[in-house]
Amino acid sequence: MPDRKRVAVIMAGGSGERFWPLSRSLRPKQFLRMDGSKNTLLEQAIEAVEPLIPARDIHIATGSALADATRALLPHIPVTNYILEPERRNTAGCLILAAARFLASGDTNATIAVLAADHRIADVGRFREVIRTALGAAEREDALVTLGIAPDRPETGYGYIEVADETIVVPGSGGIEVHPVSHFREKPDRDTAAAYIATGRFLWNSGMFFWRLNVFLHELETASPGLARAAYDMADAMMRGD
């Protein structure tokens with residue numbers, strides 16, 4: 001397997017709605033300090049991944065209105081590593097814009113970790129082991145990799161991942177299990193969520209992903225050719241300097 005560049009995209013474009021009134025449109029959740037921490041959730045997200053991926057390869061995807069505040073918070077992240085969204089287009093739009101940036105910069109052989117800026121990670125060491133395993137799985141398999149969280153209640157506000165019985169062996173995983181995904185299930189009602197949990201085969205969908213850029217684009221072309229075309233068109237425009 002050829003050496004692959006590993007990069008991270010931290011999705012930090014929150015709108016400040018979930019923790020209102022603590023958070024606001026210009027002070028969204030990722031700018032908050034939780035549980036008495038001296039660092040914001042966004043800073044904690046950077047600290048969690050930085051031992052695995054250096055700051056020069058960490059990219060921040062955020063809205064144009066949050067750019068100055070985010071840069072002030074993260075002065076060690078290169079200014080050129082900011083992926084600024086002119087307007088919100090949710091996760092898909094963010095990831096397509098990021099893919100276009102990597103295409104335009106020539107990082108076509110990159111393995112990309114897509115991480116959230118507003119998750120509280122209690123065991124950072126274990127989280128890094130999970131990230132390392134997920135990156136390894138993405139580099140070994142022609143597949144998109146996602147993280148599942150073991151549910152502790154029948155939550156109706158989250159999406160669920162149904163995992164298959166098969167286990168994928170990833171060297172150096174440290175006992176972290178990797179399974180093919182059988183189905184993605186959108187936010188269920190309470191009874192359905194309880195039935196999911198009872199099977200032992202369902203995890204909460206974390207919204208964090210790992211993939212090789214060419215695999216992501218191939219899957220995007222299959223699932224949504226129009227969005228794939230938009231990624232290539234944006235990359236072309238970036239290379240032209242438009």
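Which residues does Asn81 touch, not counting residues up to four places away in sequence? In this predicted model, Asn81 touches Ala55, Arg56, Asp57, Ile58, His59, Ile60 and Arg101, where a contact means heavy atoms within 4.5 Å. Residues are numbered from 1 along each chain as its sequence is written. Because the model is predicted, local features need pLDDT of at least 70 and side-chain atom pairs count only at pLDDT 80 or more, while totals for chains, interfaces and linings use all residues; side-chain values use heavy atoms, without hydrogens and water.

Asn81 sits in the loop between helix H2 (67-73) and strand S3 (82-85). Helices (H or I, at least four residues) and strands (E, at least two) are DSSP runs, numbered from the N terminus. Asn81 is buried, at 6% relative accessible area. Buried means under 20% relative accessible area, exposed over 50%, and partly exposed in between (1.4 Å probe, protein chains only).

The largest nonpolar core has 33 residues. Such a core is a set of buried Ala, Val, Leu, Ile, Met, Phe, Trp, Tyr and Cys residues joined through side-chain atoms within 4.5 Å. Ile10, Ile58, Ile60, Leu115 and Phe210 have the most contacts inside it. Helix H4 (124-140) is among the elements that give two or more residues to this core. H4 gives the most, with six residues. Apart from this core lies another, of 26 residues, including Cys94 and Val114.

Helix H6 (residues 213-223) has buried residues Leu213, Val215, Phe216, Leu217 and Leu220. The buried residues of H6 pack against helix H3 (90-105), strand S4 (111-116), strand S8 (202-212) and helix H7 (225-240).
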